[in-house]
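These are my notebook entries on a structure that I looked up. I record salt bridges, an interface and helix packing.

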Amino acid sequence: MLKILKYSFKDIFRSKWLLIYFGFFFVSTWFLLYFTNDPSKGLVSLLNIILMLIPLMAIVFSTIYFYNAREFTELLLAQPIRRHTIFTGQYLGLSLSMATSFFLGSGIPFLFFGVQNSDSSGSLINMLLMGVLLSFVFSALAFAISIYNENRIKGFGLAILVWLVMAIVYDGIFIYLMVRFSDYPLEKLAIALSLLNPIDLARINILLQLDISALMGYTGAIFNKFFGTAMGMAISVIAMLFWTIIPLFFYLRKAGRKDF
Amino acid sequence: MVEIRNLFKKFGSVEVLKGLNLDLRAGQVNVIMGPNASGKTTLIKSILGLVIPDKGEIKVLGEKIEKKWMYRSRIGYMPQIAHYPENLTPLELIRMISDIRKGDPDTQAIIEWLGLEAFLDKKLRYLSGGTRQKVNATLALMYDCPILIFDEPTVGLDPVARLKLKDRIREERDKGKTIILTTHVMSEIEELADQIIFLMDGIIYLEETPEKIKESQGEASLERAIARILESQKTSIDA
């Protein structure tokens, strides 16, 4: 698998879009820090970029990559190598490249602005890890959607729809449910709904760590109340790991029996 | 040697292979031909394990291939013109395949023979279709495999490369390898085929040597003989 990973890396790292992705995070983080001049404020400003953009980019790039790699996958499938090795290698190649460019793109400016000498270094590492996890989650979702949909337009549409629901529509549904059923105890429902959305999980995790109750919102507050800060953060990370493993499981299961 | 018994494959509601029985023998060029959508590619991909049959059995060199993968180290496969990772160079692609397959590949001789030296460091995206085909040929021939599969190998190649490849296919056959070839180019079939396997509607419509096909149809050229077979098939369907 390391061989597949190595060559996927080589291919992806040479393409311009990964460089642009890195550059985008580098420049926007730099500007945020330059204008706020305070790593802890910079972190909060970066939050929304991470929560919206990483899932979108991970899902778009992964879908495009999967469909474009089709003929290459066929070449690999004709070699003496296990199917699962090829498909795991391709997933890791892409998700690790995306996670690395985000990690370095956003992390390096913080070092220049002296995050290592402030109390925000823990928060920064946590936020970067959440970005990395989001890359893994949405890459896995995109690969799973793509392998189940032979038609790339349908696959791409579905992938974007998943992002749209989790990043935008979800909040609307959530608020509607909270208002509509405000006469009932809704804590457990709220927790369940949060677990169903990896973007919300990442948001809760970061805000619990930053300890900004004003930004936590309803679910964040409930998480805090129910689990406390440390436990709440741990649960959100575990739930996000499941959000990576479950799509990957379906992706690899399909890869084992698919005709190419 | 590849043995295929009672092979069935459906894609959705379309039955592509309907109980295929076939022996592809060593030491001969087995040409698989047939109209479009007759199941040629599905057959080749089933042998390679890219397509998983619904029913039936395939044995490669005496070994059942179901759920196996090591057997592919004994197959060299040259696919149709394909687009590989565009940012890799032919050299990297060749290295990757030899990384995966290990062993002792004979790449240098093939690269020189195809005149690929000047293109080895160029990114694949800048290479012409013909040059990419040469890279494909290198990948298929760099190992001394007892089974060689060529899917429309000469499409896009210049006349010199085409001749070279045809000569090479004959040489490999004379070494006793099992050659499996699909092509639509009649002259190539006439030049190379020892055995013609004519697929139609997912079954083997005809399996004969080119001489016997010509003889049976009373035609001097293979092209006319095949056309005649297709015509008679059409009339029998219409009737």
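**Entry 1: Salt bridges**

I began with Arg5(B), which forms a salt bridge with Asp23(B), their closest N and O atoms lying 2.9 Å apart. I noted that this pair links distant parts of the chain: Arg5(B) belongs to strand S1 (residues 2-11) of chain B and Asp23(B) to strand S2 (residues 14-24) of chain B, 18 residues apart. The rule for a salt bridge asks for a side-chain nitrogen of Lys or Arg within 4 Å of a carboxyl oxygen of Asp or Glu. Over all chains, I found a count of 25 salt bridges by this rule.

I wrote down the conventions next. This is a predicted model, in which local features need pLDDT of at least 70 and side-chain atom pairs count only at pLDDT 80 or more, while totals for chains, interfaces and linings use all residues. Residues are numbered from 1 along each chain as its sequence is written, chains are lettered from A and ligands numbered from 1 in the order in which they are written, and side-chain values use heavy atoms, with hydrogens and water left out.

**Entry 2: Chain A and chain B**

How many residues of chain A are in contact with chain B? I read that 25 residues of chain A are in contact with 32 residues of chain B, where contact means heavy atoms within 4.5 Å. The area buried between the two chains is about 2,800 Å², and carbon and sulfur atoms give 58% of it. Buried area is the accessible area (1.4 Å probe) that two parts lose on being put together, summed over both. The rule finds five salt bridges across this interface. I also looked up Glu74(A) and Lys45(B), whose side chains meet in a salt bridge (3.5 Å, N to O).

**Entry 3: Helices of chain A**

Helices (H or I, at least four residues) and strands (E, at least two) are DSSP runs, numbered from the N terminus. Axes are lines fitted to C-alpha atoms, for helices over the stretch in contact, and angles run from 0 to 180 degrees between N-to-C directions.

Helix H3 (residues 39-68) of chain A packs with helix H6 (residues 121-148) of chain A at an angle of about 25°, with their axes 8 Å apart. H3(A) is therefore roughly parallel to H6(A) (angles under 35 degrees count as roughly parallel, over 145 as roughly antiparallel).

The axes of H3(A) and helix H7 (residues 152-180) of chain A come within 10 Å and cross at roughly 165°. H3(A) is therefore roughly antiparallel to H7(A). Among the contact residues are Met52(A) and Pro55(A) of H3(A), and Phe156(A) and Trp163(A) of H7(A).

**Entry 4: Helices of chain B**

Helix H4 (residues 129-141) of chain B and helix H5 (residues 159-174) of chain B pack at about 15°, with axes 12 Å apart. H4(B) and H5(B) are therefore roughly parallel to each other.

Note on methods
Parallel < 35°, antiparallel > 145°, perpendicular 65-115°, else oblique.
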